[in-house]
Amino acid sequence: MTGKEESFLKYAKNSLLGEDIHFLWLRRELFIKKSGITKKSVSSIFPGYLFIESDNISYDFYKKIRKFPGFCRFLRDNDDIRPLPNDDKKFVYQLSLNGEVAGISKIYFNKDDKIKVVSGPMKGLEGEIIKVDKRKKRAKIKLKLYENSFLIDFGFELIELNKEE
């Protein structure tokens with residue numbers, strides 16, 4: 001369930017001790033401005049989605065996890081559980097390279113006012129950027145996962161480069 005990812009993970013980790021299961025909850029840092037003060041905040045990249053990594057999802061595991069509070073369904077659906085396609089799996093791993101929380105990307109704008117990502121989770125995703133909000137320090141990126149498209153905000157920090165670049 002969306003917003004219940006953390007409590008689900010705590011319950012699952014306590015209930016599945018000793019099993020060769022790894023859960024991944026992808027989150028990102030964003031700048032949030034409230035009452036004139038800007039702070040970093042962490043939120044889910046794919047709200048309501050957790051990824052399970054295992055060599056084998058047994059029928060017993062399937063029956064057990066479906067009873068956990070906050071569980072809704074597996075992807076594709078509960079009668080047709082499928083692993084992520086390879087492109088999606090590579091993308092999830094790319095997002096998790098620096099841990100489960102994707103930090104703030106460092107960017108600059110070239111002379112044509114096009115965004116260039118120097119480092120961070122947006123690196124390599126420049127072609128998927130739909131909108132940039134310089135004031136909020138966010139870039140909206142269209143991501144595709146399991147045949148669904150998501151518009152996800154990622155935070156960025158603007159860096160200054162030499163004028164020749």
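Which residues of helix α2 are buried? The views below take up this and other points in a predicted model.

**View 1. Helix α2 and its buried residues.**
Helix α2 covers residues 59-66. Its buried residues are F61, Y62 and I65. These three span an arc of only 100 degrees around the axis, so they lie on the same side of α2. The face of α2 turned away from that buried side carries Y59 and D60, which are exposed. An α-helix has 3.6 residues a turn, so residues three or four places apart point the same way.

**View 2. Helix α1, with its buried and exposed residues.**
Helix α1 runs over residues 5-15. E5, F8, L9 and A12 are its buried residues. They cover an arc of only 100 degrees around the axis, which puts them on the same side of α1. On the other side of α1, look for K10 and N14. Both K10 and N14 are exposed.

**View 3. The largest pocket and its lining.**
The largest pocket has a volume of about 1,000 Å³. Its lining is made up of 35 residues. Closest to the centre of the pocket are L50, F51, I52, F74 and L75. By class, 21 lining residues are nonpolar, seven are polar and seven are charged.

**View 4. An open sheet of three strands.**
The strands follow the order β3-β2-β7, and their pairing is mixed. β3 (37-44) and β7 (101-102) stand at the edges. Each has a single partner strand, so one side of each is left without a neighbour in the sheet. Strand β2 (residues 27-34) runs parallel to β7, and two bridges join them. R28 stands opposite A102 in β7.

**View 5. N110 in the loop between β8 and β9.**
Strand β8 spans 105-109, and β9 spans 115-119. N110 is found in the loop between them. Is N110 buried or exposed? N110 counts as buried, because its relative accessibility is 18% and the cut-off for buried is under 20%. The side chain of N110 also makes a contact in this view. That side chain reaches the backbone nitrogen of K114 at 2.9 Å.

Methods
Residues numbered from 1 in each chain as written. Predicted model: local features only at pLDDT ≥ 70, side-chain atom pairs only at ≥ 80, totals over all residues. Heavy atoms only, no water. Pairing = 2+ DSSP bridges. Helix = DSSP H or I, 4+ residues; strand = E, 2+ residues; numbered from the N terminus. 1 Å grid on protein atoms, 1.4 Å probe; cavity = no way out; pocket = protein on both sides within 12 Å on 5 of 7 lines; lining within 4 Å. Points joined across faces, edges and corners; volume = space filled by probe spheres on them. Nonpolar A, V, L, I, M, F, W, Y, C, P; charged D, E, K, R; others polar. Buried < 20%, exposed > 50% of the residue type's maximum accessible area, 1.4 Å probe, protein only. Polar contact = N/O pair within 3.5 Å; in protein donor to acceptor, adjacent residues only side chain to side chain. Arc of directions from axis to C-beta.
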